Structure formats: structure tokens, C-alpha cells
Amino acid sequence: MSTSSTVTPLTFNGQSTYSADFQQIINRAVQTQSIPLAEYSDQQTADQTLLGTLQAVGQTVTQLQTAIENLASSVTSTALAANVSNTSAVSVSLASNANAGNYQLEVDKLGSATQTISTGSPQTVTDPTSQDLSTASSYTLTVNGTATTITPTSNNLNSLVSTINGNSALGVTASIVNVGSSSSPDYRLSLQANQLGATTIQLSAGGTNLLNTISTGSPALYKVDGLAQQISSTSDTIQLAPGVTATLLGTTPTGSPASISVAASTSSAATALQQFAVAYNNVVSALATQHGQNAGALSGQSLLITAQQMLSQINGYRTPTGGIQYLSAMGLDLNTQGQLTFNQSEFNTSAASNFQGLSDFIGSDQSGFVQSATNALSNLIDPTYGGITIQENSLNQDLTSLASKISDTTSQINLFQQNLVAQLSASDAIISVLQSQDTFFKGLFAITYNTGSTSGG
């Protein structure tokens, strides 16, 4: 059967005087046959509207679920922050395995890396795209006694630099510097050690050394927690403790080390609570449009009751123990419109001074507020039994069925119309013949009896 979804009107081209009447018969018959099609189309439009509304509400609920998940991560052991007393001397970064702690860091010397530059002989490079340090096709780079053969892809300085930088195991970084003037350039190869400290760097071609050492590096020197022992480092990034990395930026005054404090931070929790309030209020607003004089497609459905119960379970969560027992103790207050507002001052007074209580109240997907809120949301968006999920699946099935019915009915109407036109065309042809014969005999009688008329009578 045809899968067409459009009824194609057919024009009746008859020869009898009744052809116009036959066209009207066809039109009315098709209109009668199309009544179920109009009903299917109306139901399809209603289902699509309802599905779109469900998807929009479902999206806001899913965003609320994400905000609740973020609450859990905001109070985990990784929710730490580092505070440094001397930010011009030290910066600190934390990894997921960091723990709370306090440190004293005295930076005695920043250290430096060994710097070398090519000698400018056996030839001067005025164009690094076409000239190289020598005519050799390969070089020997020796770093701290370890020799490596360097073979550039092209015989020019640019290619030499690219080849050296393409091998991170060499331990040096190459660059090009012009030690001449703009009008008379003299491009040199600059090699700098990747580590702090005294590093020997040599580059030779055919046994000829091509580098001069500009400065010999030295390691960084620092002390930790007032200990007299000075620690040497070949990097300006040091590991103070597991997950606690400090970057040395400058030296500290003698006897005045930088103080570093790693402690639980409530800033991420405050941000997560603000985002949770926004997501919660978006759900409240989405549901509000389904009530009242201009109610949406969900008006009157039991799903709205389930959604309101879900919101009540979330905003009414209580725990019988702990320093924080309800949302308002974290600065989340419910206003007269049923929306949450975040009060930073209230949060700082209670929750921010009791990180453990905050963490215990919020909990995880296995405990506390997060578990309770997640369970409440499941009644709407669980992929198996959620109310929104079930209704969306039902509507999608109904829309698939309606599309099939519309296609089948349209095909039936088109076939019916074609058959009707064929039948009426046959009738019209017979009528046309009879009308022609009638006209002929009337004319014959008029001539025979001299009536002067071929009209009937």
C-alpha cells in the first residue's frame, strides 16, 4: 500500500453535461472519507504539543538533577583551597589526592637553566629558511655527556630547531635569535636546558663545536617548615606533599617564609547551592505555566501532582541529627512563590563555619539530602518508571501509530478517489453517447416534420 500522507485532488474531465455534478460528487465523497484523517491529524497535533511540553519540563528536572549531583561533589574531600601569604614568591595548586595541612616555605634561590648560543661559524645565517649553521647533513647534540645524532629533514636552521624541539627526551629547548641588525641579520641557534642547574650542552658537526655557553645554570634552593636543611631542585615546581604542588616565583626574605594553608573550602559549596537554587526555581516556573487560566498541555494531569510532591520532598528535607538539619541552615530559604533564595550571609554564619556538618547534610547518592532529592526526582525522570519517561514513551508510540494510520488512510482515500473517478468516467461516457443520440434524433424529427427545433419536447 502506498505510504503517501497527502490526499491528491483529482479533476474530473467528463464530456456529458453532468461532468460538473460528478466533480461535486467526488469532492463530497472525498470529504466524507477524510473525516477520520482530520481526527488523526488533530490527535497528532495534540500529542506533539503534549510531548514538547513534557520534554521541556523534563529538561528542567534533569538540570536540577545535575545541580544536585554537583552539590555532592562540592563537599567531598577534594573541596580544598590553598591560601598563600606571599603570592609573589609562591603559588600552589592542588590535586585530587591533596589533604588539609599547613606549610612554611622559604625560597632562598630561584635557580636558572644553562643557556647556550651558536658561535656564528663556520658560516653566518642571514636566512634561516635556506641556510644552516654548517653544510653538514647531521649534528651531534651532547647533553650532560649523552650524545644524540640530529638529522634535520632540510638543510636550514628552521628545520634544525624543529627537529631538536620534536624530541623532548633531549632535555633542551631550541630557538632562533637574531644577534645582528634588521638590515644585516645574524641568526643564531639558542639552546636552553629544560631543567635548572648546571647542564653541559654541546652541538657539533664534523667534530667542530658550534656552541658557546652564555650562562651555566644553578638549582633552586628552598627550606620547608623551618628546617635548617636546604633542599635543591632542578625545577621551579616542587612537591610539598601528596597532591600539593608549589611553583617558586621569587625569593622570600630571610626568616620570613611563605605560609601555605590547605583547608576545606566552602566556596565551591556556595556556588553549587546557588546553582541548585536556580535549577530548582526553573522547575517551579516550568510547572507554574501548567496551571491557571492559560494553563499548558499538562493541565489537569496527575503528573503535576507527582511533580509538586517531588518539590515538597526536596525543599522539606530534614535530618534529625547534625549541626545542619534543613536547607535554610545552609542559606536556602523558600519564599511565598515557592522558590528558593540563597542567602550568603546565612550560609557564612552556619554552614561555612561547620564544613563537616555541611558535608554530612548534603551527603552523596548514598546518603543525606542528595540521596533523598535524587530519589524524589526518580519518580519523574527514572528511565524505567519515571512519570515523564513513561508518558513520553507512550506519546511516541501513539505518534508512530497515528503516522501509520494517516499514511494508510490517505492511501485508501486516494485509491477510493481513483476508483470513483473511473466509475463516474464510465458513466459519463455512456451519458455523453446517449445525449449525442438524443440530439441526433431530435434533429432528425425536426427536419422530417419541419418543426424547426431540435430541442426536446
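Q: Is P9 buried or exposed?
A: The model is predicted, so local features need pLDDT of at least 70 and side-chain atom pairs pLDDT 80 or more, while totals for chains, interfaces and linings use all residues. Residues are numbered from 1 along each chain as its sequence is written, and side-chain values use heavy atoms, with hydrogens and water left out. Buried means under 20% relative accessible area, exposed over 50%, and partly exposed in between (1.4 Å probe, protein chains only). With a relative accessible area of 69%, P9 is exposed.

Q: What distance separates the C-alpha atoms of P9 and G255?
A: P9 lies in the segment before α1 (19-33). P9 and G255 are 246 residues apart along the chain, and their C-alpha atoms are separated by 97 Å.

Q: How many helices and strands are there in the protein?
A: Helices (H or I, at least four residues) and strands (E, at least two) are DSSP runs, numbered from the N terminus. The count for the protein is 9 helices and 18 strands.

Q: What radius of gyration does the protein have?
A: The radius is taken over C-alpha atoms, and the globule rule is 2.2 Å times the number of residues to the power 0.38. Along its principal axes the C-alpha trace spans about 140 × 80 × 35 Å. A compact globule of 457 residues would have a radius of gyration near 23 Å, but the protein has 43 Å.

Q: Why is the pair of Y317 and F361 edge-to-face?
A: Rings of Phe, Tyr and Trp (its six-membered ring) pair if their centres lie within 6.5 Å; planes under 30 degrees apart count as stacked, over 60 as edge-to-face and the rest as tilted. A search of the whole structure finds 8 aromatic pairs. In the pair of Y317 and F361 the centres are 5.4 Å apart and the planes stand at 65 degrees, so the pair is edge-to-face.

Q: What angle lies between the planes of F342 and F347?
A: Both F342 and F347 are buried. Their aromatic pair is tilted, with 5.7 Å centre to centre and a plane angle of 50 degrees.

Q: Why is α7 largely enclosed by the rest of the structure?
A: The buried residues of α7 are F355, G357, L358, S359, F361 and I362. What covers them includes α2 (35-74), β16 (258-264), α4 (267-288), α6 (344-349) and α8 (368-381), where contact means heavy atoms within 4.5 Å. The helix is largely enclosed because 6 of the 8 residues of α7 are buried.

Q: Which residue forms a salt bridge with D438?
A: A salt bridge is a side-chain nitrogen of Lys or Arg within 4 Å of a carboxyl oxygen of Asp or Glu, and by this rule the count comes to 2. One of them joins R188 and D186 at 2.9 Å, N to O; R188 is buried at 16% relative accessibility, and D186 is buried at 14%. The closest N and O atoms are 3.0 Å apart, and the partner of D438 is K442.
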